[in-house]
Amino acid sequence: MISQTLKQAKTATFKFMKTAVILVLLLAGMLFPSPSALSVENTQSAIADSSTLTWKPLEGIPKGAEVAVLSGNPATGASEVIISLPAGYLFPHHSHTSREVLFLSEGEFTYITDDGSKQTLEPGSYLNLPSGTKHSVVCGREPCLVYARYDKPFDLLLSPAPKDN
């Protein structure tokens, strides 16, 4: 009886300590975010209307893809951008030095991995790609509008397309 009570007390203490450690780590992450989490932080609010954005062609790839900077400076550090792709556009196989976070807001595209696997994504889809992830996309029948975030200066490292599966 006593050993059972001690065992239950140890289990309860362990669960409490585990929960406390998790809470401390979460709190530390909120109070002391990593430098990359702060890298695009602004001291002022920003509101962007897609009709007033300044669109520029993306260099080094076939004509058609355009980008508009929302915050940061893609040439020197972290940035948030909107990428516009025309219907049917094939964004060549590539990777980035930075982690790439994408959110598809309009259109539908096929995401192609380095092994040639394909996945069709619809508006509302989110991708979080680690640095160096080789991929390409093909925009569907309607133009695509994609939010992208980069933790480091933007680069586009083209690579050979995977062979079809």
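Q: Before anything else, what kind of model is this?
A: This is a predicted model, and what follows should be read with that in mind.

Q: OK, let's take strand 6, how many bridges join it to strand 9?
A: Strand 6 and strand 9, the latter covering residues 135-139, are joined by 5 bridges, and the two strands run antiparallel. Within this pairing Phe109 stands opposite Cys139 of strand 9, and Tyr111 stands opposite Val137 of strand 9.

Q: And what about strand 6 with strand 7?
A: Strand 6, residues 109-113, is also antiparallel to strand 7, residues 118-121, with 4 bridges joining them. Here Ile112 stands opposite Lys118, which belongs to strand 7. The hairpin of these two strands has 4 residues between the strands, and in that hairpin Gly116 takes a positive phi near 90°.

Q: Switching topic, how many salt bridges does the structure hold?
A: The structure holds 3 salt bridges. One of them joins Glu80 and Arg149, whose closest N and O atoms are 3.8 Å apart. That pair links distant parts of the chain, since Glu80 sits in strand 3 (residues 79-85) and Arg149 in strand 10 (residues 144-150), 69 residues apart.

Q: Are those two buried or exposed?
A: Both Glu80 and Arg149 are buried, and for Arg149 the relative accessible area is 16%.

Q: What does Asp151 pair with?
A: Asp151 forms a salt bridge with Arg99, with the closest N and O atoms 2.9 Å apart. Because Asp151 lies in the loop between strand 10 and strand 11, while Arg99 lies in the loop between strand 4 (90-95) and strand 5 (100-106), the pair ties together parts that are 52 residues apart in sequence. The side chain of Asp151 also meets that of Arg149 in a salt bridge, at 3.7 Å from N to O.

Notes
Residues numbered from 1 in each chain as written. Predicted model: local features only at pLDDT ≥ 70, side-chain atom pairs only at ≥ 80, totals over all residues. Heavy atoms only, no water. Pairing = 2+ DSSP bridges. Salt bridge = Lys/Arg side-chain N within 4 Å of Asp/Glu carboxyl O. Buried < 20%, exposed > 50% of the residue type's maximum accessible area, 1.4 Å probe, protein only.
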